[in-house]
Amino acid sequence: MAVQKRVLSIFLIQLVLLAVSGLNRVDGAGLRTGYYDESCPDAETRALKTIRKAISKDVTVAAALLRLHFHDCFVRGCEASVLLNATKEGGAEKDGFLNLSLRGFDVIDDVKSAIEKSCPGVVSCADILALAARDAVQLTGGLFWKVETGRRDGRISLSKEIDANLPFSNFNITQLKQNFASKGLTKKDLVVLSGAHTIGSASCLTINTRLYNFTALDPTFASELKKKCKPGGILPVFELDQGSSTISDAHFYKAVRQNRGLLISDAALLDDHATRAYVKRQSTSAAGATFGRDFGKSMEKMGRIGVLTGSEGEIRQRCALVN
Ligand code: HEM
């Protein structure tokens, strides 16, 4: 009897482990480039056209779109849970504190409407997020990678799941590596994907601790920031990559190397031998050329986290609502 109980409990533990690893798997089985070639051949062109229009009106939308895909993938996998609205049962992911500054939902909705016109019910919101992130980077810097598609949309989105899955900006390098490893990503992915901070901004609220309780910040830069961002302040926002925050390139690494990285997590990239070496390499203009290739590879890997494919999930009609 005791042996049977033990076998049963080992089996149950294995089941739980399998389920957990399934949520964070990065094998991307079921995804492929050109998934919509026959079912919706102009999906990618329609997405690009809509995103180009949005970015031409407001270039900062590019950063918002890139961040949306990341925040989607790290919580429940890349299945568009970040786009869902709250329900009677409680807050959705977008209501979680770390997600309150997410933007770009309207652009994703516009892309979805544009695509639905030619092929209703075919293209998932999760794929639109992945395409939008790529297009945003391409339109701001020319970096390009092929996006695998075939993701399906999830039906669950819970604000209470945010803190255990997204990295906090005050994480040290050990916490950052652990967080990425829990998603199947390496420390190379960590340092490469942090390069997303080549575009976009962070609020005074976000950088307060770094400014007032953290030393490794270039003193001239710190005093410039302190003039505009007072202790406990919320606004304004500051470029994550000072002077280059609308262009996707390797300049971010130069800023980090000069102790001008805005976030504690960006500065932390200097605290590990391998990530520091990468920052150093990319901060010289010759090596900077490899950033685009590395970024594409790591984005592809991130885009595979916990995807739903085949008959899992659904293709949402509207990205903010389950069908
Ligand atoms: C390594 C861990 C990371 C941490 C701790 C982190 C944290 C943050 C924080 C705190 C902000 C500013 C929020 C605000 O003040 O409004 C931000 C902005 C941003 N993050 Fe990250 N991030 C990380 C990785 C990533 C990754 C992997 C991507 C994309 C692949 C990304 C893309 C962005 C972008 C584009 C912005 C600017 C958004 C905008 O301007 O609206 N981040 N991040």
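Visitor: Which residue does D272 pair with in a salt bridge at 3.2 Å?
Guide: D272 forms that salt bridge with K187, 3.2 Å being the distance between the closest N and O atoms. A salt bridge here is a side-chain nitrogen of Lys or Arg within 4 Å of a carboxyl oxygen of Asp or Glu. The pair links distant parts of the chain, 85 residues apart: K187 lies in helix 7 (residues 187-193) and D272 in the loop between helix 11 and helix 12. Helices (H or I, at least four residues) and strands (E, at least two) are DSSP runs, numbered from the N terminus.

Visitor: What kind of model is this?
Guide: This is a predicted model, in which local features need pLDDT of at least 70 and side-chain atom pairs count only at pLDDT 80 or more, whereas totals for chains, interfaces and linings use all residues. Residues are numbered from 1 along each chain as its sequence is written, and side-chain values use heavy atoms, without hydrogens and water.

Visitor: With which other residue does D272 form a salt bridge, at 2.8 Å?
Guide: K177 also forms a salt bridge with D272, with the closest N and O atoms 2.8 Å apart. K177 is in helix 6 (residues 173-181), 95 residues from D272.

Visitor: Is D272 buried or exposed?
Guide: D272 is buried, with a relative accessible area of 7%. K177 is partly exposed at 27%, and K187 is partly exposed at 36%. Buried means under 20% relative accessible area, exposed over 50%, and partly exposed in between (1.4 Å probe, protein chains only).

Visitor: How many salt bridges are there in the whole structure?
Guide: The search finds 15. One of them joins R293 and D294 at 3.8 Å, N to O; R293 is exposed at 54% relative accessibility, whereas D294 is buried at 7%.

Visitor: Which atom of S203 lies 2.8 Å from a ligand oxygen?
Guide: A backbone N or O atom of S203 does. In the side chain of T206, an N or O atom is 2.5 Å from an oxygen atom of the ligand, and for the side chain of S101 the corresponding distance is 2.9 Å.

Conventions:
A polar contact is a pair of N or O atoms within 3.5 Å; within protein, one must be able to donate a hydrogen and the other to accept it, and residues adjacent in sequence count only if both atoms are side-chain atoms.
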